[in-house]
Amino acid sequence: MTEDIKFYKTARFSQTTITELMIPSYANFGGKIHGGILLSLMDKAAYACASKHSQGYCVTVSVDTVDFLQPIEVGELVALIASVHYVGNSSMVIGIKVIAENVHTSTVRHTNTSYFTMVSKDENDLIKKVPGLILETKEEVKNFLDAMKRKEIKDFYKKELKKLGEQPHSEEHDIELLKNERCKIVH
């Protein structure tokens with residue numbers, strides 16, 4: 001390792017928890033908390049965590065696997081726990097765990113998980129190198145390795161999508177592929 005150890009930080013250093021009360025204006029037409037509200041709160045938590053780790057301004061580059069495991073009710077307290085799972089040169093993967101708590105029953109539920117990729121920028125809006133990550137626990141090692149694997153899968157997926165867009169299509173071939181699907185072609 002040729003880099004100065006001072007240019008490394010622990011995940012614990014930048015771990016961020018944001019807690020917010022779920023109010024009626026956050027509800028969707030079904031009476032549950034709207035997914036867009038949760039995404040906005042998760043983005044805020046990811047930004048706070050990434051900015052603390054990088055000591056600067058960060059932007060959201062992508063959001064991976066937003067899993068809405070359970071609905072959140074109006075009146076519950078929601079804690080968004082953000083921590084750095086992976087760092088590249090200028091990018092960081094921030095894991096977000098969302099916990100809902102019913103304060104009347106003391107019921108606590110893990111309701112959402114997501115991974116935000118953030119990039120650090122300098123005062124001239126140029127990409128800025130971020131500190132490395134000191135892995136202190138087995139869980140942090142696992143998180144780092146899992147993030148590496150998700151990155152590998154994401155890169156593969158992007159390549160496959162590009163290939164898909166480059167494939168020639170014929171109407172006969174498309175009709176054959178769609179014949180057992182729940183759609184109709186109308187010209």
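**Entry 1: the model.** I am working with a predicted model.

**Entry 2: helix α2.** I looked up the extent of α2 and found that it runs over residues 35–54, 20 residues in total. From first C-alpha to last I get 28 Å, close to the 28 Å expected at 1.5 Å a residue. I then listed the buried residues of α2: L38, L41, M42, A45, A46, C49, A50, S51, H53 and S54. Next I checked what comes just after α2. There Q55 takes a positive phi of about 60°.

**Entry 3: the largest pocket.** I noted a volume of about 450 Å³ for the largest pocket. I count 20 lining residues, and Q15, S83, H85, E139 and N143 are the closest to the centre. Two or more lining residues come from each of α1 (11–14), β4 (77–87), β5 (91–102), β6 (107–121) and α3 (138–166). Which element gives the most to this lining? It is α3, with 6 residues. I sorted the lining by class and got 5 nonpolar, 8 polar and 7 charged residues.

**Entry 4: the second largest pocket.** I moved on to the second largest pocket, with a volume of about 220 Å³. Its lining has 13 residues; S91, V93, T117, K151 and K154 are the closest to the centre. I see at least two lining residues from each of β3 (57–68), β5 and α3. Here α3 gives the most, with 6 residues. By class I have 4 nonpolar, 3 polar and 6 charged residues in this lining.

Note on methods:
Residues numbered from 1 in each chain as written. Predicted model: local features only at pLDDT ≥ 70, side-chain atom pairs only at ≥ 80, totals over all residues. Heavy atoms only, no water. Helix = DSSP H or I, 4+ residues; strand = E, 2+ residues; numbered from the N terminus. Expected span 1.5 Å × (residues − 1). Buried < 20%, exposed > 50% of the residue type's maximum accessible area, 1.4 Å probe, protein only. 1 Å grid on protein atoms, 1.4 Å probe; cavity = no way out; pocket = protein on both sides within 12 Å on 5 of 7 lines; lining within 4 Å. Points joined across faces, edges and corners; volume = space filled by probe spheres on them. Nonpolar A, V, L, I, M, F, W, Y, C, P; charged D, E, K, R; others polar.
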